[in-house]
Number of protein chains: 2
Amino acid sequence: MYYIGIDLGGTKIKAGIVDEDGRIIKKHSIPTGRTRKSEEIVNDICRIIKMLLEDTNISEADICSVGIGSPGSLDRERGVIIANFNLGFRYVDIRDAIQKVISVPVYVENDANCAAVAESIAGVAKGLDYAVLITIGTGIGGGIIINNKLYIGSNGAAAELGHIVLCMNGEACTCGRNGCWEAYSSATALIRQTKAAALENPSSKILELVDNDMDKIDAKTVFDAAKLGDETAIKVVDRYIDILAEGLANIVNIFQPDVIAIGGGVSKEGENLLAPLREKMKGRTFFVGDLKNTQIVTAKMGNDAGIVGAALISKRM
Amino acid sequence: MYYIGIDLGGTKIKAGIVDEDGRIIKKHSIPTGRTRKSEEIVNDICRIIKMLLEDTNISEADICSVGIGSPGSLDRERGVIIANFNLGFRYVDIRDAIQKVISVPVYVENDANCAAVAESIAGVAKGLDYAVLITIGTGIGGGIIINNKLYIGSNGAAAELGHIVLCMNGEACTCGRNGCWEAYSSATALIRQTKAAALENPSSKILELVDNDMDKIDAKTVFDAAKLGDETAIKVVDRYIDILAEGLANIVNIFQPDVIAIGGGVSKEGENLLAPLREKMKGRTFFVGDLKNTQIVTAKMGNDAGIVGAALISKRM
């Protein structure tokens, strides 16, 4: 049997047919066109599902379910996207629309939760009872696996791990509070920190790397400049990793999971990020003597995490 | 069938025989004598167990298990208290000692976890799948109930909720980090904040309430002075509740439990504490639309929580 997963992002709609071990049989990707009406976007999702079935010669009878991963508020019971602010979606009954095309169960799930499910089924958390996935992107997304199931709390809205205040009265956060972890450790925050440092130190290699165009600064820029030995960049990276370590130490003290997997663009830095991160976490997590410690690793599923997790969400509910 | 629970505190050893619904049939309490050798304290625990059986005419055959609640590090597998710093315990094989007196399973568990189990079985979290207990005492203790079971993580050391950093580079914490929630919201921290305010404002009612003896200031003093309209005390209480709200909003964003129960001495303030607390939490927790919100309540089990939770720990494992 097969499963269809849809990763409904602000830039791209990614979709795939996945087997029960999380292997992608076939995938497609189209631009979201986020300014379009929700009906048009939903129509495209239906169209891409039909394409996947045609391309693979897999019949509807061999599909167990369709899952849609989306940021924002969801009504899992009714299969409705309550609000996806990126796309301007409000109360979009996506289950109903998809079931007109394919008559199988349709699930909606938070995108960060989908990424955690993907790691749990086919990635670095495979076979582990306790895992936390931290996705570093526009924000900080959290996904929690407990007893090999997705943890969503009493109302389905749990795991907003980016919205743990780490610095009372600190940086403003998009959620309305001040000092959230996300306001310091997201890719957006790192870009802001990089730009501020480049402005203050115009002779640093940061601006050189982007041809003096501040708009070209992304989350990778400062890591690249630091690798070139640039003092300003080294300081930005060091402070960024220091705060990331503080937030991750909190997660360890709360959950003591088998593994914390770091996903999202920044995680591509690999050991360049993780080695100093682990060093900075030492002494900040609660003493567990000779008991096993949480492993800090990079997520493995990369760009496919959304498709695989959405497709197989029912296996971790 | 009955269960025996031991609450091994720094001041008192409390013990009781409990039925499976968490009702205490008989209890005893003796001073811990914390400077004594561990053998003497363990002997007293064995003696109190025998007393309970004699006083109630309950036979050993009617006892399912014995549970010991203790702060510090525990080895649940072997029934050993690895380290209880209050009592100077190091690798005390309490299961072995107790099984020489009564031949039943013996469990050791963290005291904050016991309190959560007590609320789950017979208190405000009864019948709820998702609950978090926050005990405000010398420190901030956490106990987490997920799917009606105690959550202890992959190594048994989870739920150190007092050691979530809320203010990077802030107040020093006993755990070695800076800015932990506990360093702001424990009873110890409140007493420190009260003393500092009293020193700065010697004409406030705080010192009057304790006959000008700073050593008499406890966690209740500042609430009492605030009730008398004392400006200094009102400010201390307001700031204390504000930070407590920040920490609790973090817990909601992480877990979205059915209920957060506040226990420990400070919780005796009841609605005097909770009403402004709930007000200050508004807008700080993640938006859940018309979904159900976490209820913030005071714990119900009071001084019996340790006995009941330790006795019935096996029902939530």
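Tutor: Happy to. Keep in mind that this is a predicted model. Let's begin with a sheet in chain A: it is open, has 5 strands in the order β3-β2-β1-β4-β8, and its pairing is mixed.

Student: What does pairing involve in a sheet?

Tutor: In general, strands of a sheet pair through backbone hydrogen bonds, and they do so either parallel or antiparallel. For a case here, look at strand β1 (residues 2–8) of chain A and strand β2 (residues 12–19) of chain A: they run antiparallel and are joined by 7 bridges. If you want one pair to click on, A:Ile4 has A:Ile17 in β2(A) as its bridge partner.

Student: Back to the whole 5-strand sheet of chain A, with the order β3-β2-β1-β4-β8. Which strands are at its edges?

Tutor: The edge strands are β3 (24–31) and β8 (106–110) of chain A, and each pairs on one side only. From one strand to the next, the twist averages 15 degrees.

Student: Which helices pack on that sheet?

Tutor: One of them is helix α1 (residues 38–56) of chain A, which touches β1, β2, β3 and β4 (63–70) of chain A. The direction of α1 makes about 145 degrees with that of β3(A). Then there is α3(A), which packs on the sheet by touching β4 and β8 of chain A. Its direction makes about 100 degrees with that of β8(A).

Student: I also see some strands between residues 73 and 92 of chain A. What do they form?

Tutor: They form an open sheet of 3 strands in chain A, in the order β5-β6-β7, with antiparallel pairing. β5 (73–75) and β7 of chain A stand at its edges with a single partner strand each, so one side of each has no neighbour in the sheet. Ignoring direction, neighbouring strands here are turned by 15 degrees against each other on average.

Student: How many bridges join β5(A) to β6(A)?

Tutor: There are 3, and the two strands run antiparallel. As one example, A:Asp75 has A:Val80 in β6(A) as its bridge partner. Moving on, strand β6 (residues 80–84) of chain A pairs with strand β7 (residues 89–92) of chain A over 3 bridges, again in the antiparallel sense. There you can find A:Ala83 opposite A:Arg90 in β7(A).

Student: What happens in the turn of that hairpin?

Tutor: The hairpin of β6(A) and β7(A) has 4 residues between the strands, and A:Gly88 takes a positive phi near 70 degrees.

Student: Okay, helices next. How do I describe two that pack together?

Tutor: Two packed helices are described by the angle between their axes and the distance between the axes. The crossing of the two is right-handed.

Student: Which residues make the contact?

Tutor: From α5(A) you have A:Leu190, A:Gln193, A:Thr194 and A:Ala197, and from α8(A) there are A:Thr232, A:Val236 and A:Tyr240. By class, the residues of this contact are 4 nonpolar, 3 polar and no charged.

Student: And what about α5 and α8 in chain B?

Tutor: Their axes come within 10 Å and cross at roughly 150 degrees. The crossing of α5(B) and α8(B) is right-handed. B:Leu190, B:Gln193, B:Thr194 and B:Ala197 in α5(B) meet B:Thr232, B:Val236 and B:Tyr240 in α8(B).

Student: Zooming out, how is chain A divided into domains?

Tutor: Domain 1 covers 2–118 + 304–316, and domain 2 covers 125–298. Their C-alpha centres lie 27 Å apart. The contact takes 9 residues from domain 1 of chain A and 14 residues from domain 2 of chain A. On the domain 1 side, helix α3 (residues 111–122) of chain A gives the largest share, 6 residues. That side has 5 nonpolar, 1 polar and 3 charged residues.

Student: Last one: how many residues does each chain bring to the contact between chains A and B?

Tutor: Chain A brings 39 residues and chain B brings 39 residues. On the chain A side, the largest share is 6 residues, from α8(A). By class, that side has 20 nonpolar, 12 polar and 7 charged residues.

Notes. Residues are numbered from 1 along each chain as its sequence is written. Chains are lettered from A and ligands numbered from 1 in the order in which they are written. This is a predicted model: local features need pLDDT of at least 70, side-chain atom pairs count only at pLDDT 80 or more; totals for chains, interfaces and linings use all residues. A crossing is left-handed if the near helix is turned anticlockwise from the far one by less than a right angle, and right-handed if clockwise. Two residues are in contact if their C-beta atoms, placed from the backbone, lie within 7 Å. Ala, Val, Leu, Ile, Met, Phe, Trp, Tyr, Cys and Pro count as nonpolar, Asp, Glu, Lys and Arg as charged, and the others, Gly among them, as polar. Domain bounds come from an automatic or database domain assignment. Two strands pair if DSSP finds at least two bridges between them. Axes are lines fitted to C-alpha atoms, for helices over the stretch in contact, and angles run from 0 to 180 degrees between N-to-C directions.
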